[in-house]
Amino acid sequence: GVDSVTLEVIDREPGKTGLGEIRGEVVEGLRPQPNLLVTLIDQAGKEVARTTTRADGSYVFTQIAPGRYRVVCVKPESQRRAIGGVTVEPDRTSRADLALML
């Protein structure tokens with residue numbers, strides 16, 4: 001048999017949850033896109049969270065369980081869409097910037 005060794009690195013600040021967050025911004029060309037719906041979808045294709053971009057085109061998802069996700073944004077007026085892959089790690093902020101394309 002093969003022995004496997006698991007090393008646990010415990011490096012936690014008090015109050016940390018093990019959850020992560022995702023930040024990014026949505027642009028079309030060079031223009032930030034405010035008030036667009038951004039949806040977070042897990043690997044099973046299930047919607048996990050949704051938020052709306054701010055005036056500067058930025059968005060944030062907080063309290064997200066670690067794992068791989070897709071971030072999806074569609075602009076209804078132009079039917080342009082952007083999809084980005086992102087990996088969330090515990091107690092870290094991941095970036096997912098989206099550029100809307102036809």
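A salt bridge is taken here as a side-chain nitrogen of Lys or Arg within 4 Å of a carboxyl oxygen of Asp or Glu. Arg50 and Glu47 form one, with 2.9 Å from N to O. Glu47 has a relative accessible area of 40%, so Glu47 is partly exposed; buried means under 20%, exposed over 50%, and partly exposed in between (1.4 Å probe, protein chains only).

The model is predicted: local features need pLDDT of at least 70 and side-chain atom pairs count only at pLDDT 80 or more, while totals for chains, interfaces and linings use all residues. Residues are numbered from 1 along each chain as its sequence is written, and side-chain values use heavy atoms, with hydrogens and water left out.

Glu47 also has a place in the strand pairing. Strands are DSSP runs (E, at least two residues), numbered from the N terminus, and two strands pair if DSSP finds at least two bridges between them. Glu47 in β4 is the bridge partner of Ile41. Strand β3 (residues 37-42) and β4 run antiparallel and are joined by five bridges. Both belong to an open sheet of four strands, in the order β4-β3-β6-β7, with antiparallel pairing. At the edges are β4 (47-52) and β7 (80-88), each of which pairs on one side only. From one strand to the next the twist averages 20°, with axes as lines fitted to C-alpha atoms and angles running from 0 to 180 degrees between N-to-C directions.

The count of salt bridges comes to eight. Side chains of opposite charge can pair when their charged atoms come close. Glu28 pairs with Lys75 at 2.8 Å, N to O. This pair links distant parts of the chain, since Glu28 lies in strand β1 (residues 20-28) and Lys75 in strand β6 (residues 67-75), 47 residues apart. Both Glu28 and Lys75 are buried. Glu28 also forms a salt bridge with Arg31, where the closest N and O atoms are 3.6 Å apart. Glu28 counts as buried because its relative accessible area is 5%, whereas Arg31 counts as exposed because its relative accessibility is 52%. Through shared partners, salt bridges join Glu28, Arg31, Lys75 and Arg80 into one network.

One aromatic pair is found in a search of the whole structure. The ring centres of Tyr59 and Phe61 are 5.6 Å apart and the planes stand at 65°, so the pair is edge-to-face. Rings of Phe, Tyr and Trp (its six-membered ring) pair if their centres lie within 6.5 Å, with planes under 30 degrees apart counted as stacked, over 60 as edge-to-face and the rest as tilted. Tyr59 and Phe61 are both buried.
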